[in-house]
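Subject: Structure handover

Hello,

Here is the structure we talked about, with notes on what was found in it. Please read the notes with the model open beside you.

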Amino acid sequence: MHVQDSHWSSASAVATGAAMSAPTGGGRPGGARTTPLRVDAQRNLEHVLRAAREVFGELGYGAPMEDVARRARVGVGTVYRRFPSKDVLVRRIAEEETSRLTDQARAALGQEDEPWSALSRFLRTSVASGAGRLLPPQVLRVGVAEEHDLPDHAHVPQQRTQPTAGELRLVPGEPAAGAPGDTGTAQLLDVVGQLVERARTAGELRPDVSVSDVLLVIATAAPSLPDAAQQAAASARLLDILLEGLRSRPA
């Protein structure tokens, strides 16, 4: 996976709403009602979004808009008419993938009684869906930091309170205040934190495994290979190995 940072600005968030709405009808000043996209415009939008998921999943968020347009078989101007900047498109894709992962985590949490089964189900479902290749950069921005270097807000919910010095921890960036992606990211971290805490409390998860470790597993176990069958086999094999590494062992 090749996730690269993008500028997550409040202007991008505003532009996202503008990109998805047509002008108000009837010439009514201040009207909130919007008209639906024409059939061909809606079709182009769907093609662009599908192409963006594929291109960013294969090449990372650093891939140029021209690659997205080429994959969607539309002109780059069509892409920019829907998404005024690349940041707006990246935010849209990242938010959708974050929401999908959150739904998968909630399903595992609510439908699996065994803590380890719930965590492993979430990981297998997420990796199989390929969502790990499109996680937003702020979720995967991790680094090796000493405990005294971490501000209070850097601790992901449900993290252990006595981390080992130098461990891998989530190091959040500084997304724009009020940006819609912030809430979605917080929800994902919270529900994955519940899965992690349940498995740890049950003694089935290594005590040093954090939420950020679990998200890194999702990203790592979703390689991009040209052959779909090879990709599925490689993902399943790699995930089996990583799950074994996460599980606790009797002393």
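In which helix does alanine 108 lie? Alanine 108 is part of helix H5. Before going further, please keep in mind that this is a predicted model.

To finish with alanine 108: its relative accessibility is 0%, so alanine 108 counts as buried. Leaving aside residues up to four places away in sequence, alanine 108 touches Ala118, Arg121 and Phe122. Leucine 123 is 15 residues from alanine 108 along the chain, and the C-alpha atoms of the two are separated by 9.4 Å.

Overall layout

The protein chain has 10 helices and two strands. Along the sequence the elements follow the pattern α-α-α-α-α-α-α-β-β-α-α-α. The protein chain holds 251 residues, and buried residues make up 44% of them. Among contacts in the protein chain with a separation of 6 or more, 70% are between residues 24 or more positions apart.

H2 and H3

Helix H2 covers residues 39-59 and helix H3 covers residues 65-72. The two pack at an angle of about 125°, and their axes are 8 Å apart. That angle makes H2 oblique to H3. The crossing, as H2 passes H3, is right-handed. On the H2 side the contact is made by His47, Val48, Ala51, Ala52, Glu54, Val55, Phe56, Glu58 and Leu59. On the H3 side it is made by Asp67, Val68, Arg71 and Ala72. Sorted by type, the residues of this contact of H2 with H3 are eight nonpolar, one polar and four charged.

Valine 55, in helix H2, is one of the residues in that contact. Is valine 55 buried or exposed? Valine 55 has a relative accessible area of 1% and is therefore buried, the cut-off being under 20%. Not counting residues up to four places away in sequence, valine 55 touches Gly60, Ala63, Asp67, Val68 and Arg71. Valine 55 and valine 68 are 13 residues apart in sequence, while their C-alpha atoms are 6.2 Å apart in space.

H6 and H9

Helix H6 (residues 115-129) and helix H9 (residues 211-220) cross at roughly 35°, and their axes come within 9 Å. This crossing of H6 and H9 is right-handed. From H6, the residues Leu119, Phe122, Leu123, Ser126 and Val127 meet Val214, Val217 and Ile218 of H9. The contact of H6 with H9 has seven nonpolar residues, one polar and no charged. Phe122, listed here for H6, is also one of the residues touched by alanine 108.

Salt bridges

How many salt bridges does a search of the whole structure find? The search finds 12. Three of them are described below.

- Arginine 70 and aspartate 67: the side chains meet in a salt bridge with an N to O distance of 2.8 Å. Both residues are in helix H3, and because they are three residues apart, about one helical turn separates them. Arginine 70 is exposed, at 56% relative accessibility. Aspartate 67 is partly exposed, with a relative accessible area of 21%. Aspartate 67 also belongs to the H3 side of the contact with H2.

- Arginine 100 and glutamate 97: the N to O distance of this salt bridge is 2.6 Å. Both residues lie in helix H5 (residues 86-111), three residues apart, which is about one turn of the helix. Arginine 100 counts as partly exposed at 31% relative accessibility, whereas glutamate 97 counts as buried at 2%.

- Arginine 200 and glutamate 197: here the side chains meet in a salt bridge of 3.0 Å, N to O. The two are three residues apart in helix H8 (residues 180-201), so about one helical turn lies between them. Arginine 200 is buried, with 15% relative accessibility. Glutamate 197 is partly exposed, with a relative accessible area of 27%.

Regards

Methods. Residues are numbered from 1 along each chain as its sequence is written. This is a predicted model: local features need pLDDT of at least 70, side-chain atom pairs count only at pLDDT 80 or more; totals for chains, interfaces and linings use all residues. Side-chain values use heavy atoms; hydrogens and water are left out. Axes are lines fitted to C-alpha atoms, for helices over the stretch in contact, and angles run from 0 to 180 degrees between N-to-C directions. Helices (H or I, at least four residues) and strands (E, at least two) are DSSP runs, numbered from the N terminus. Angles under 35 degrees count as roughly parallel, over 145 as roughly antiparallel, 65 to 115 as roughly perpendicular and the rest as oblique. A crossing is left-handed if the near helix is turned anticlockwise from the far one by less than a right angle, and right-handed if clockwise. Contact means heavy atoms within 4.5 Å. Ala, Val, Leu, Ile, Met, Phe, Trp, Tyr, Cys and Pro count as nonpolar, Asp, Glu, Lys and Arg as charged, and the others, Gly among them, as polar. A salt bridge is a side-chain nitrogen of Lys or Arg within 4 Å of a carboxyl oxygen of Asp or Glu. Buried means under 20% relative accessible area, exposed over 50%, partly exposed in between (1.4 Å probe, protein chains only).
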